[in-house]
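Hi there,

Here is the structure I promised to pass on. Have a look at it first, and my notes follow below.

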Amino acid sequence: MSKSVIDKIEYLILLVSEFAARCHVSESQAYNYLRQYGAMALCERHYNIMHTLSMEDNMQTIQAYCQRKGGAL
């Protein structure tokens, strides 16, 4: 695997972990929630921009995105 792919995977894992901690759910619940409401695809698609922003900005963005899609967390 290339370094860029590994970097993206590690970043996505970090996002899920941070989201889980922020919403007081398990990491598997956070991953399923983010995948269900399209946030995982959004993060993967926009990784090049998101990894340059603060984690707080990204948490607010993906939480708002999921809520617009019907999520309740």
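**What I found**

Leu73 lies in the segment that comes after α5 (55-68); helices here are DSSP runs of H or I with at least four residues, strands are runs of E with at least two, and both are numbered from the N terminus. Before going further: this is a predicted model, in which local features need pLDDT of at least 70 and side-chain atom pairs count only at pLDDT 80 or more, while totals for chains, interfaces and linings use all residues. Residues are numbered from 1 along each chain as its sequence is written, and side-chain values use heavy atoms, with hydrogens and water left out.

Back to Leu73: with a relative accessible area of 31%, Leu73 is partly exposed (buried is under 20%, exposed over 50%, partly exposed in between, using a 1.4 Å probe and protein chains only). Leaving aside residues up to four places away in sequence, Leu73 touches Phe19, Cys23, Val25, Tyr33, Gln63 and Gln67, where contact means heavy atoms within 4.5 Å. Val25 is 48 residues from Leu73 along the chain, and their C-alpha atoms are separated by 9.6 Å.

Gln63, one of those partners, sits in helix α5. Gln63 counts as buried because its relative accessibility is 17%.

How do α1 and α5 meet? The axes of α1 (residues 3-23) and α5 come within 10 Å and cross at roughly 75°; axes are lines fitted to C-alpha atoms, for helices over the stretch in contact, with angles from 0 to 180 degrees between N-to-C directions. That makes α1 roughly perpendicular to α5 (65 to 115 degrees; under 35 is roughly parallel, over 145 roughly antiparallel, the rest oblique). Residues making this contact include Phe19 and Cys23 of α1 and Ile62 and Gln63 of α5.

In helix α2 (residues 27-36), the buried residues are Ala30, Tyr33 and Leu34. They fall within an arc of 95° seen down the axis of α2, so they line one face of the helix; the arc is that of the directions from the helix axis to the C-beta atoms. Their cover includes α1, α3 (39-45) and α5.

Finally, Ile62 touches Phe19, Leu34, Ala39, Cys43 and Met50, again not counting residues up to four places away in sequence.
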